[in-house]
Amino acid sequence: MVRLPASGAQITLRDPGGADEMLLHESHTHPIETALALLARLGGEQAQWADLVVTDFEFLLLSLRARRFGPLMALGFACPHCSARAEISFLLTDLQESVTPRSPAGVAAHASRPGWYTAGEAAFRLPTALDLAAAASAHDPAWVLAERCFEAGMARRERARVERLMGQMAPELSQPIAAACPECGAETEVALSVARIVIAELKREAAQLYDEIDLIAGAYHWPEAEILALPQQRRRLYAERIGERIRHAQARVA
Ligand SMILES: [Zn+2]
């Protein structure tokens, strides 16, 4: 069970099975939309996934990622100074703990609009996963977020102040990670986009599914649907045994 930092909701996700992995691998939507579809499959109706505040959405994806692949995440980058390729790694729990939603002074729940807040003259709501998805495919993401989350007609000078408040109430876990080049020592920042990297990792892992189905179907003659219904670990163990047997047989022939 995961306790979400902004809403306090407690969420339990089941492990992805073969059918989830296949949909994941074959999905060509933006990673945020893919992630929302995956959460809906794994979490059912515990939440309105698209309405999760950005902090909670990204926190939940990182928790899912940590459960699948462990707590250490590595990001590759090219040094802007000497162009060397390097990698930085960090603990997901450190990132998750570094982000704490706060309730800034002067912000109150909106009197008549549920989910909205007021700060002085300004009214706004916190960006959700759906807002992120809409902004991600837009020409000007900041403008789209402002259109969706600020009350119409907000004065330009208010916007920067409200954006700061929103950042305190719903901080993003997608943030630049400080890194140093191992070759020349230059300091730099590596962009982290949570949905993008988590979905890319899950898709890469899901690509193994086809080899595993191929091996199991070839050896045991089980139909695809039955193989897809196996828990991932059992499917993988069968495929490893079959692969092992094939390698032994090939070694004997050679
Ligand atoms: Zn360098």
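Strands β5 and β6 (residues 116-119) run antiparallel, and three bridges join them. They belong to an open sheet of three strands, in the order β5-β6-β7, with antiparallel pairing. Keep in mind that this is a predicted model.

**The three-stranded sheet**

- From one strand to the next, the twist averages 35°.
- Helix α7 (residues 156-169) lies across β5, β6 and β7, and runs at about 40° to β7.

- You'll find Arg125 in strand β7.
- Is Arg125 buried or exposed? Its relative accessibility is 18%, so Arg125 counts as buried, the cut-off being under 20%.
- What does its side chain reach at 3.3 Å? That would be the backbone oxygen of Arg148.
- Leaving aside residues up to four places away in sequence, Arg125 touches Gly115, Trp116, Asp131, Arg148, Cys149 and Met166.

**The β8-β9 hairpin**

- Strand β8 (residues 177-180) is joined to β9 by four bridges, and the two run antiparallel.
- Together β8 and β9 make a hairpin, with six residues between them. Gly185, in the turn, has a positive phi of about 85°.
- Across the pairing, Ala178 stands opposite Glu189 in β9.
- Strand β9 (residues 187-190) has two faces: Thr188 and Val190 are on the covered one, while Glu187 and Glu189 are on the uncovered one.

**Helices α1 and α2**

- Two packed helices are described by the angle between their axes and the distance between the axes.
- For helix α1 (residues 18-26) and α2, the angle is about 170° and the axes are 11 Å apart. The two helices are therefore roughly antiparallel to each other.
- Where do they meet? Ala19, Asp20, Leu23 and Leu24 of α1 come up against Thr34, Leu38, Arg41 and Leu42 of α2.
- That contact of α1 with α2 is made up of five nonpolar residues, one polar and two charged.
- The buried residues of α1 are Gly18, Asp20, Glu21, Met22 and Leu24. They pack against α2, α8 (194-206), α9, α10 and α11 (232-253).

- Leu39 is part of helix α2 (residues 31-43).
- With 0% relative accessibility, Leu39 counts as buried.
- Its contacts, not counting residues up to four places away in sequence, are Leu13, Gly44, Trp49, Phe57, Leu60 and Leu61.
- Take Leu61 from that list: along the chain it is 22 residues apart from Leu39, and 8.4 Å separates their C-alpha atoms.

**Helices α8 and α9**

- The axes of α8 and α9 come within 5 Å and cross at roughly 15°. That makes the two helices roughly parallel, since angles under 35 degrees count that way.
- The α8 side of the contact is Arg204, Glu205 and Ala206, and the α9 side is Gln208, Leu209 and Tyr210.
- Sorted by class, the contact of α8 with α9 has three nonpolar residues, one polar and two charged.

**Two loop residues with positive phi**

- Ser83 is in the loop between β3 (72-78) and β4 (85-91). Its phi is near 70°, a positive value in a residue other than glycine.
- Ser83 is exposed, with a relative accessible area of 56%.
- His221 is in the loop between α9 (208-220) and α10 (224-228). Phi here is near 60°, again positive in a residue other than glycine.
- At 64% relative accessibility, His221 counts as exposed.

Notes:
Residues are numbered from 1 along each chain as its sequence is written. This is a predicted model: local features need pLDDT of at least 70, side-chain atom pairs count only at pLDDT 80 or more; totals for chains, interfaces and linings use all residues. Side-chain values use heavy atoms; hydrogens and water are left out. Buried means under 20% relative accessible area, exposed over 50%, partly exposed in between (1.4 Å probe, protein chains only). Contact means heavy atoms within 4.5 Å. Axes are lines fitted to C-alpha atoms, for helices over the stretch in contact, and angles run from 0 to 180 degrees between N-to-C directions. Angles under 35 degrees count as roughly parallel, over 145 as roughly antiparallel, 65 to 115 as roughly perpendicular and the rest as oblique. Ala, Val, Leu, Ile, Met, Phe, Trp, Tyr, Cys and Pro count as nonpolar, Asp, Glu, Lys and Arg as charged, and the others, Gly among them, as polar. Two strands pair if DSSP finds at least two bridges between them. A polar contact is a pair of N or O atoms within 3.5 Å; within protein, one must be able to donate a hydrogen and the other to accept it, and residues adjacent in sequence count only if both atoms are side-chain atoms.
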